[in-house]
Amino acid sequence: MTQSTPQTMGQQFGRRSWAEPWKIKMVEPLRMVSRAEREKALAEAGYNTFLLRSEAVYIDLLTDSGTSAMSDRQWAGMMLGDEAYAGSRNFYNLENAIQTYYGYRHIVPTHQGRGAEHLLSQTTIKPGQYVPGNMYFTTTRLHQEMAGGIFVDVIIDEAHDPANLHPFKGNVDLGKVEALIQEKGAANIAYISLAGTVNMAGGQPVSMQNVRELRALCDRHGIKIYLDATRMAENAYFIQEREPGYADKSIAAIVLEFCSYTHGGWMSAKKDSLVNIGGWLAVNDWDLFEELRNLVVVFEGLHTYGGLAGRDMEAMAIGTAESMQDDHIRARIGQVRYLGQLLTDWGIPIVQPVGGHAIFVDARRFYPHIPQGEFPAQTLAAQLYLDSGIRSMERGVVSAGRNAKTGDHYYPKLELTRLTIPRRVYTQAHMDVVAESLKIVYDNREQTRGLRMVYEPKYLRFFQARFEPLG
Ligand code: F0G
């Protein structure tokens, strides 16, 4: 992993730029959208950025999921698709890539991350069991709940404080896990649901020491750990940068060591692995694999394609290898930090430290006069779109949903608007435009009113809920 590239040469010569280790070969024109068009589009979308047509969007920071630019090599791989129903050669390439980079033994492809979450939840959770996790993720928790599980947040308290500068805000609080085991008994815990970089906390990493200690604790009680490896390569960058003893280890070596402390993992390959669609589930235990391999046939497709075309699996295999290159990750995180630094310099409240895949604006501090029940983060996403056609996403009370038992809103401590940076897609100048627009919205904050929810779907309401402006 230490080839001499402009990046590593730059480090030798003391240059600090995170410049991308690629150049652009193909471009997709962007469309500037007029203010009148934006107002109309937003009203039609019920003030929910998920309901905007992408044609009405200028810079799309809704998500880093499935929005990456693939490399020339990945596109070449698309031409090598072996579209056999069974035993496609691309499946074996993918299996090999996952075994090589994540170290898990048995692989089940799925159409995307939530397909894997579904299979894992159905096979490993008995109704009434607890599923401790380092903060919830929307689809992950829903699948755990639909299997009868009860999610318990065991992330360290620092993660809930957007201003706390803890270097590993994704860490599991081992004391909380111990207490849960004491109270409920190990047999009532399905598994630990561990995420590498915690999306809802602001893309915050987990340290190697934390996962090592978690494994030791779990071994004492016979509890398994399954890793949401969706952004594990990004997590590895923070370990390399911040954790003693890892500065000279490659991203690939760090990912492999981290995964070795877990019993299996799942992936939304639409993130780290640089593809537009795909996912997988991988475990070391043969018996569990047998069950998963059986169940995937019911919900996704045969166990050698899991809902994917052969060409998609080939692009994923190649993307998996590319995602582990140190230069790539350094530029990836470098770009996110560049935007974060601009916003910090301009006094705009964001989650600190800046995490892996996105900037999370702290909507509570941005709009202190808008109560959480009037959806400050949703309001901010709407205002940013109105100002410039930039699309972001709510990650606050709307995303948190309702408690299935009581029917009350979950009121998360974090009320955030996420500016998610797609991989290898936008330039530094685009980041400047985003910062400038956010500054204008910030300067106008006092005149801004909140929203009222006028339509609420039953599941994952943030995707389809509709709102109207108050006042
Ligand atoms: N786990 C994490 C940490 C995720 O961020 C996502 C998706 C999933 C699982 C589910 O994977 O979408 O492939 O089914 N996150 C996207 C986002 C939707 O925008 O953060 P999926």
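Reader: Where is the place of T197?

Author: T197 sits in the loop between β5 (192-195) and α8 (208-221), where helices (H or I, at least four residues) and strands (E, at least two) are DSSP runs numbered from the N terminus. This is a predicted model, in which local features need pLDDT of at least 70 and side-chain atom pairs count only at pLDDT 80 or more, while totals for chains, interfaces and linings use all residues. Residues are numbered from 1 along each chain as its sequence is written, and side-chain values use heavy atoms, with hydrogens and water left out.

Reader: And what is its phi, positive or negative?

Author: T197 has a positive phi of about 50 degrees, although it is not a glycine. Most residues other than glycine have a negative phi, and most peptide bonds are trans.

Reader: Which peptide bond is cis, then?

Author: The bond from Q352 to P353 is cis, with omega near -10 degrees, and P353 lies in the loop between α13 (326-345) and β9 (358-362).

Reader: Changing topic, what does the domain assignment give?

Author: It gives domain 1 (17-64 + 326-466) and domain 2 (72-323), with bounds that come from an automatic or database domain assignment. Their centres, taken over C-alpha atoms, are separated by 25 Å.

Reader: How many residues are in contact there?

Author: In domain 1, 35 residues are in contact with 44 residues of domain 2, contact meaning heavy atoms within 4.5 Å. The two domains bury about 3100 Å² between them, 56% of it on carbon and sulfur atoms; buried area is the accessible area (1.4 Å probe) that two parts lose on being put together, summed over both. On the domain 1 side, I329, P353 and L414 lose the most area to domain 2, together 18% of what that side buries.

Reader: Why does the ligand lie between the domains?

Author: Domain 1 and domain 2 both give residues to the shell around the ligand, so the ligand lies between them. The ligand is surrounded by 17 residues, the closest being T63, D228, S268, K271 and R418, where a residue counts as near if one of its heavy atoms lies within 4 Å.

Reader: Which atom of the ligand is 2.9 Å from K271?

Author: A nitrogen atom of the ligand is 2.9 Å from a polar side-chain atom of K271, whereas for S268 a polar side-chain atom lies 2.6 Å from a ligand oxygen atom. Polar contacts here are pairs of N or O atoms within 3.5 Å.

Note on methods: A polar contact is a pair of N or O atoms within 3.5 Å; within protein, one must be able to donate a hydrogen and the other to accept it, and residues adjacent in sequence count only if both atoms are side-chain atoms.
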